[in-house]
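Dear colleague,

Please find the structure below, handed over for your use. My notes on what was found in it follow.

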Amino acid sequence: MIIRDMARGGMAERPGSGMPCVPAVFVSPHQDDELLFMGAAIMEHVAQGRDVRILLIGRGNKSSVRTSSALLNLIGYVPSEPEFGAVRDREFQWSAITLGATPIVPPWDMRLDENAFTSPAVASIIRHYVPDGSDLKTVSRYGGEYHPDHFACHDAVAGLFASGWTAMPPRYYTLAERRQVALDAGVSVRREGVAHPVGPLNQWAYRLENVAQRRWGVGYKSVRSYFNSQAVDPFSYRVCEPQKTLAALSSIQSFAPTSLYART
């Protein structure tokens, strides 16, 4: 049995279980990232009996879908950013529930505009909304990743681990269709969720169109090819990132708890 002081960044295991006592927190940059990058892994953690939570960082307000002809043809007008973001939040919450996890959706003014994340701001949100020492997981920098918001989430999680805020080594995930790019970069990639693949019910949260219920299928309209690829390969792919890379990243930013959402 391992029992350490969680306030000092230690970790604890449930007696006789070998499972961490701290929650497994999947940090999702945007609505649908939790499913596309980490869906099967989330369900695997749930099946293990873990306390699994999914923390949403972004508002979901800057997607090109908001002003697209596809959405205009469906609902008949261009929604405001807050209205559009609220619909995306409902998709996220439904997705998290189908995965068996607890969704954490901070208020609109506590989240970040898309394409404007910084790693200190993401780290502050994590500190504010989840317990110290939580077992963090998020998207990987490998696999041909290009989105700056994804980089910010990755670097925030890496920095929190390096700073001692958590003693649990983070896990990072790439899309199924990008795993070969990560392998070509010389890093190990491990399949997770083999017994708990993502299915149609999980994707339905982002595919369903029902105007009366304010279901607009935003996720699927945004990254249709990712959803289609996941339907063929419904597992999660964890990238085992080199420690030297994580150490270099952690030295770039300061993650002091006095920033944006510091606890009082």
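**The enclosed cavity**

The lining of the largest cavity is made up of Leu36, Leu175, Ala176, Glu177, Tyr226, Ser229, Gln230, Asp233 and Phe235. Here a cavity is a set of points, on a 1 Å grid over the protein atoms alone, where a 1.4 Å probe fits but cannot get out, and lining residues have an atom within 4 Å of a point. The model is a predicted one, in which local features need pLDDT of at least 70 and side-chain atom pairs count only at pLDDT 80 or more, while totals for chains, interfaces and linings use all residues. Residues are numbered from 1 along each chain as its sequence is written, and side-chain values use heavy atoms, with hydrogens and water left out.

A search of the whole structure finds 1 cavity of 30 Å³ or more. The space in the largest cavity is about 50 Å³, a volume being the space filled by probe spheres set on the points, with grid points joined across faces, edges and corners. Helix α9 gives the most to this lining, with 3 residues; helices (H or I, at least four residues) and strands (E, at least two) are DSSP runs, numbered from the N terminus. By residue type, the cavity lining divides into 5 nonpolar, 2 polar and 2 charged. In this scheme Ala, Val, Leu, Ile, Met, Phe, Trp, Tyr, Cys and Pro count as nonpolar, Asp, Glu, Lys and Arg as charged, and the others, Gly among them, as polar.

A pocket, by contrast, is an open set of points with protein on both sides within 12 Å along at least five of seven lines. The largest pocket has a volume of about 330 Å³. Its lining has 22 residues, and His30, Glu114, His147, Ser222 and Val223 lie nearest the centre. Both α1 (33–47) and α8 (218–222) supply at least two residues of this lining, with the largest share, 3 residues, coming from α1. The lining of the largest pocket comprises 6 nonpolar, 8 polar and 8 charged residues.

The second largest pocket holds about 160 Å³ of space. It is lined by 11 residues, of which Pro170, Arg238, Cys240, Glu241 and Gln243 lie nearest its centre. At least two lining residues come from each of β5 (171–174), β9 (236–240) and α10 (243–250), and β9 has the largest share, 3 residues. This second lining divides into 7 nonpolar, 1 polar and 3 charged residues.

**Helix α5**

Helix α5 (residues 148–163) has 16 residues, which at 1.5 Å a residue should span 22 Å; its end C-alpha atoms are 22 Å apart, so the two values agree. The expected span is 1.5 Å times one less than the number of residues. Among the buried residues of α5 are Asp149, His150, Cys153, His154 and Leu160. Buried means under 20% relative accessible area, exposed over 50%, and partly exposed in between (1.4 Å probe, protein chains only). Just after α5, Gly164 takes a positive phi of about 90 degrees.

**Aromatic rings and charges**

How many aromatic pairs are there? The count comes to 3, where rings of Phe, Tyr and Trp (its six-membered ring) pair if their centres lie within 6.5 Å, and planes under 30 degrees apart count as stacked, over 60 as edge-to-face and the rest as tilted. Tyr206 and Phe227 form a tilted pair, 5.9 Å centre to centre with 55 degrees between the planes. Tyr206 lies in helix α7 (residues 200–207) and Phe227 in helix α9 (residues 224–232), so this pair ties together parts that are 21 residues apart in sequence. Tyr220 and Phe227 form an edge-to-face pair, 5.9 Å centre to centre with 75 degrees between the planes. Both Tyr220 and Phe227 are buried, and ring pairs link Tyr206, Tyr220 and Phe227 into a cluster.

The charged end of Lys137 sits over the ring of Phe26, 5.9 Å from its centre, and that of Arg179 sits over the ring of Tyr237, 4.8 Å from its centre. The rule requires NZ of Lys or CZ of Arg within 6 Å of the ring centre and within 35 degrees of the ring normal.

**Two loop residues**

Asp32, a residue other than glycine, has a positive phi near 100 degrees. Asp32 is found in the loop between β1 (24–28) and α1, and counts as buried at 4% relative accessibility. Arg214, also not a glycine, has a positive phi of about 55 degrees. Arg214 lies in the loop between β7 (209–210) and β8 (215–216) and is partly exposed, with a relative accessible area of 33%.

Yours sincerely
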